[in-house]
Amino acid sequence: MLTAIDHVQLAAPPGSEPLLRTYYVDVLGMTETPKPPALAARGGCWFEAGGVRLHLGVEEDFSPARKAHPGLRVRDIQTYAARLTARGAEVTWDENLPGHRRFYSRDPAGNRLEFLEPSPPEAVSSCGGLSGGALVPGRPGRATPG
C-alpha cells in the first residue's frame, strides 16, 4: 500500500550544481541535504523544506521537463511569488485550476515547477460557484473547503 511520496527527482545537466544550489536554497528557501557518499559521486544535489524533498540528478543527455513538474503546496502564495521575483526567478501566474491560486517557475536547468495554494472558501464561492464541499472538476473525490 502506498503511503506517501518520499521525494521527486528532476534531471539537470552536468556541472549545474552551483546554479541549482543558488535557486533551491537562496530563491526557494530549501535546505540542501547531503547525499550518501556512494550517490554523491554521481553528481547532483538534494533539497528539502518541511515535508518536501526534491532530488536533482545529473543526466548526460539532459533535456528539461517542460510539461512534467512537481506541484508544490505553499502558504501565503502572493508573498512567496514576490520572494521568487525579488530574487530574479520568473513567475507565471495561471488561474485555470478552480479552488486554487497557482504559478509556475523554472529552475536554472529549465525544469518546470508549479506552486499552488488552495483558495479560501469565500474566494472559491465567488469564483465559479463552488462551495460547501462541492467536487472540484477534474479532481475526483476532492472537495473544496466548506
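Me: Into how many nonpolar, polar and charged residues does the lining of the second largest pocket divide?
Reply: This is a predicted model, in which local features need pLDDT of at least 70, side-chain atom pairs count only at pLDDT 80 or more, and totals for chains, interfaces and linings use all residues. Residues are numbered from 1 along each chain as its sequence is written, and side-chain values use heavy atoms, without hydrogens and water. Ala, Val, Leu, Ile, Met, Phe, Trp, Tyr, Cys and Pro count as nonpolar, Asp, Glu, Lys and Arg as charged, and the others, Gly among them, as polar. The lining of the second largest pocket accordingly holds six nonpolar, three polar and three charged residues.

Me: Which elements give two or more residues to the lining of the second largest pocket?
Reply: A pocket is an open set of points on a 1 Å grid over the protein atoms alone where a 1.4 Å probe fits, with protein on both sides within 12 Å along at least five of seven lines, and lining residues have an atom within 4 Å of a point. Here the lining consists of I5, D6, H7, V8, G51, V52, R53, L54, P70, G71, L72 and R73. Two or more of the lining residues come from each of β4 and β5.

Me: What is the volume of the largest pocket?
Reply: The lining of the largest pocket comprises L28, M30, A49, V52, L54, L72, R73, V74, R75, Y80 and F115. Elements giving two or more residues to this lining are β4 (52-58) and β5 (71-73). The lining is made up of nine nonpolar, no polar and two charged residues. Taken as the space filled by probe spheres set on grid points that are joined across faces, edges and corners, the volume is about 260 Å³.

Me: Is H55 buried or exposed?
Reply: H55 belongs to strand β4. Leaving aside residues up to four places away in sequence, H55 touches H7, V8, Q9, L10, C45 and W46 (contact: heavy atoms within 4.5 Å). Buried means under 20% relative accessible area, exposed over 50%, and partly exposed in between, with a 1.4 Å probe and protein chains only. With a relative accessible area of 8%, H55 is therefore buried.

Me: Against which elements do the buried residues of α3 pack?
Reply: In α3, the buried residues are I77, Y80, A81 and L84. Seen down the helix axis, these residues fall within an arc of 100°, so they line one face of α3; the arc is that of the directions from the helix axis to the C-beta atoms. The buried residues of α3 pack against α1 (17-27), β6 (92-94), β7 (100-106) and β8 (112-118).

Me: What is the phi of D76?
Reply: D76 sits in the loop between β5 and α3 (77-86), and is partly exposed at 42% relative accessibility. Most residues other than glycine have a negative phi. D76 is not a glycine, yet its phi is positive, at about 60°.

Me: How far apart in space are A40 and G57, C-alpha to C-alpha?
Reply: A40 is part of helix α2 (residues 37-40) and is partly exposed, with 41% relative accessibility. A40 and G57 are 17 residues apart in sequence, and their C-alpha to C-alpha distance is 9.9 Å.

Note on methods
Helices (H or I, at least four residues) and strands (E, at least two) are DSSP runs, numbered from the N terminus.
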